[in-house]
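Dear colleague,

I am passing on the structure we talked about, together with some notes on what turned up in it.

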Amino acid sequence: MQGSIISYTERASGVDATGAGRIALCPRMPPMISDWETNCVFFSGLLPERHPKVWRQLEDTLSSHRVPGRLIEGTRDIWARDYCPIQVASRQFVKFRYCPDYLAGWRRLLTPSRVSMQFESLGSCQRSNVILDGGNVVATKTKVILTEKIYRENPKLERCQLRSKLAELLGVDHCIIIPNEPGDPIGHSDGIVRFLDDNRVVVNDYSKVDANYGKRLCKVLVKEGLQVETITHFREDNIEDGIPSAAGNYVNYLRVGNLMLVPAYGIKHDDLACRTLERLCPQATVVPVRCKELARAGGILNCIAYPVYSRRLLHA
């Protein structure tokens, strides 16, 4: 694994779209990058020190599968997914405003936007004033899934205006808004649902945790024409600094191309989760990663990772 850092330039976005509903994909905008199209991954430089056991597993697995890994310097927490720019095309990125409400009173943990200047050679980037964490963006080529929290964090924008603005910035034709998971102050969609391909998603099996929420969630996704699969799910009764433990969540796996790194907690559910993903994605290599202590900090593997597509890094 290399710790080399690259730099980054930003240009102001002039986007101010209005309207609602489905947005036609602009012909000049390439399709958005999906998880299975990425080929390299970044992590916070704090990760090896704070969670060395998880880091060693990641380093060994990525190296054995020839997936380039890099560290980001100057971060203030390990949740790289949230403060890094979102890749919308091969060499196009969008940097949203990183100002989550769950860090109110914890400003020392806000990673400054200048950290993103480490990504210059990946391509050009436009900046948006919309408040949005990367963990609340679950995307495929033409669709993106976000929780309703996006409305609460951007109260000055009408809902239809916000959806249209996001659709244009991200280069998708539709924003799917799902209900927040009850009791979750973070409000990220990547702990609830993931795309398996352009038309299928996998969600937590809420049948024994919160059946009513599970039904509401699936109703929204099915209405959007998506085939819904489920993966085993349980909750650990543990809270640190007001943030519930993420232990028991398997949908927050890390996918880089056809490599799927799945959270593992040393229990029987681990094997069931891996077998489920092997069945749903037979072309993928599924590898469990022990991360119980990481999960107790409130996030798991997708939260700490920033996978991208880059020809430059692949051949570096």
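A cavity here means a set of grid points where a 1.4 Å probe fits but cannot get out. With that in mind, and remembering that this is a predicted model, the structure holds two cavities of 30 Å³ or more.

The largest cavity has a volume of about 270 Å³, and of the 19 residues that line it, the closest to its centre are Ile 33, Asp 35, Arg 81, Ile 86 and Val 137. Two or more lining residues come from each of the elements β4 (86-89), β7 (138-139), β10 (193-195) and β18 (305-308). Sorted by class, this lining has ten nonpolar, five polar and four charged residues.

The second largest cavity has a volume of about 50 Å³, and its lining includes Asp 82, Tyr 83, Cys 84 and Ile 86, as well as Lys 95, Phe 96 and Arg 97. Here the elements that give two or more residues are α3 (80-83) and β5 (92-97), with β5 supplying the largest share, three residues. By class, the lining of this second largest cavity has six nonpolar, one polar and four charged residues.

Turning to charged pairs, a search of the whole structure finds ten salt bridges. In one of them the side chains of Asp 35 and Arg 194 meet at 2.8 Å, N to O, and this pair links distant parts of the chain, with Asp 35 in the loop between β1 (11-12) and β2 (40-44) and Arg 194 in strand β10, 159 residues apart. Asp 35 counts as buried at 15% relative accessibility, because buried means under 20% relative accessible area, and Arg 194 is likewise buried, with a relative accessible area of 2%.

A salt bridge also joins the side chains of Glu 236 and Arg 296 (2.7 Å, N to O); Glu 236 counts as buried at 19% relative accessibility, whereas Arg 296, at 23%, counts as partly exposed. Within helix α7 (residues 268-280), Arg 275 and Asp 271 are four residues apart and so are separated by about one helical turn, and their side chains meet in a salt bridge of 2.8 Å, N to O.

Finally, strand β11 (residues 200-204) and strand β12 (residues 227-231) run parallel and are joined by five bridges, with Arg 200 standing opposite Gln 227 in β12. Together with helix α6 (residues 211-223), β11 and β12 make a right-handed β-α-β unit.

With best wishes

Conventions. Residues numbered from 1 in each chain as written. Predicted model: local features only at pLDDT ≥ 70, side-chain atom pairs only at ≥ 80, totals over all residues. Heavy atoms only, no water. 1 Å grid on protein atoms, 1.4 Å probe; cavity = no way out; pocket = protein on both sides within 12 Å on 5 of 7 lines; lining within 4 Å. Points joined across faces, edges and corners; volume = space filled by probe spheres on them. Nonpolar A, V, L, I, M, F, W, Y, C, P; charged D, E, K, R; others polar. Pairing = 2+ DSSP bridges. Right-handed = clockwise from strand over helix to strand, strands pointing away. Salt bridge = Lys/Arg side-chain N within 4 Å of Asp/Glu carboxyl O. Buried < 20%, exposed > 50% of the residue type's maximum accessible area, 1.4 Å probe, protein only.
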